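Student: Hi, could you walk me through the pockets, cavities and helix packing of a model I have here? Let me put it up.

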Amino acid sequence: LLVVATVPNLIARGFLIAPRCFPPSPEAAQRLRDGLSLIGQRGGDFAKGATGDMMNTSALVGDLVESWLMHAAGRQTLVFAVHRAHSRHIVEAFRARGLRAAHLDGAMRPDEQDRILSDWRDGTIQIVSNCMIATEGFDYPELSCCVLARPTMSLALFLQMVGRIMRTAPGKMDAVLLDHAANLYRHGPPHVDRVWT
């Protein structure tokens, strides 16, 4: 396996940004691990339905909004939810605090998706919550906050999600990762050197 560049090297050379990472508390992470240990796996990851039901509680969704207000208020933000109901609940919680948020998923009409993405890019919408639509190949380098509300066993998926905020853009000084799914405990920070096999 030929490794031609590492993430730390690309950060040092100014091609990527190392995000400031905010994991859940060790106690909250342990509660998540305990809950996830009771959930089956499908396709090498946590079963989506049961995981979504576990994560889609008022306490967890409310904590997500409070954390955003504390660490990332004002930033263009992408939230990764487990499933549609979870994503919509997250959007409702942000809107209840007077914030401009929208839900995005692959079942929406293309013109509706385009409208939401356009409103997001021009600042009309500040926060977009999605489920499995803005991972690979999604290009919005100006994004500076990623909220992980979806636990995953997949290192590749974790890095794809967080990679949305690690791109550089004119005037972009930093990025914030708010992990509410204990993925940082599971996979480590996204900007560490890794040994690939």
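**Pockets, cavities and helix packing**

Student: Let's start with the second largest pocket. How much space lies in it?

Tutor: About 280 Å³ of space lies in the second largest pocket. Of its 15 lining residues, Val7, Leu16, Leu159, Pro190 and Trp196 are the closest to its centre. One caution before we go on: this is a predicted model, where local features need pLDDT of at least 70, side-chain atom pairs count only at pLDDT 80 or more, and totals for chains, interfaces and linings use all residues. Residues are numbered from 1 along each chain as its sequence is written, and side-chain values use heavy atoms, with hydrogens and water left out.

Student: What counts as a pocket or a cavity here?

Tutor: On a 1 Å grid over the protein atoms alone, a cavity is a set of points where a 1.4 Å probe fits but cannot get out, while a pocket is an open set with protein on both sides within 12 Å along at least five of seven lines. Lining residues have an atom within 4 Å of a point. Grid points are joined across faces, edges and corners, and a volume is the space filled by probe spheres set on the points.

Student: Which helices supply at least two residues of that second pocket's lining?

Tutor: Those are α1 (7-12) and α7 (155-163). Helices (H or I, at least four residues) and strands (E, at least two) are DSSP runs, numbered from the N terminus. By class, eleven of the lining residues are nonpolar, two polar and two charged. Ala, Val, Leu, Ile, Met, Phe, Trp, Tyr, Cys and Pro count as nonpolar, Asp, Glu, Lys and Arg as charged, and the others, Gly among them, as polar.

Student: And what about the largest pocket, how much space is there?

Tutor: The largest pocket holds about 340 Å³. It is lined by 17 residues, and Pro24, Ala28, Leu60, Asp63 and His180 are the closest to its centre. Both α2 (26-36) and α4 (58-71) supply at least two residues of this lining, and α4 gives the most, with six. Eight of the lining residues are nonpolar, five polar and four charged.

Student: Now the cavities. How many are there of 30 Å³ or more?

Tutor: Two. The largest cavity has a volume of about 40 Å³, and Met55, Leu60, Val61, Leu64, His86, Ala149 and His180 line it. Helix α4 provides the largest share of that lining, three residues. The lining has five nonpolar, two polar and no charged residues.

Student: What lines the second largest cavity?

Tutor: The second largest cavity, of about 30 Å³, is lined by Asp45, Phe46, Lys48, Thr51, Val82, Arg150 and Pro151. Strand β3 (45-46) and helix α3 (48-55) each give two or more of these residues. Three of the residues are nonpolar, one polar and three charged.

Student: Switching to helix packing: how do α4 and α5 cross?

Tutor: The axes of α4 and α5 (residues 84-96) come within 9 Å and cross at roughly 50°. That makes α4 oblique to α5, since angles under 35 degrees count as roughly parallel, over 145 as roughly antiparallel, 65 to 115 as roughly perpendicular and the rest as oblique. Axes are lines fitted to C-alpha atoms, for helices over the stretch in contact, and angles run from 0 to 180 degrees between N-to-C directions.

Student: Which residues meet there?

Tutor: Ser58, Val61, Leu64, Val65 and Trp68 in α4 meet His86, His89, Ile90, Ala93 and Phe94 in α5, with contact meaning heavy atoms within 4.5 Å. That contact has seven nonpolar, three polar and no charged residues.
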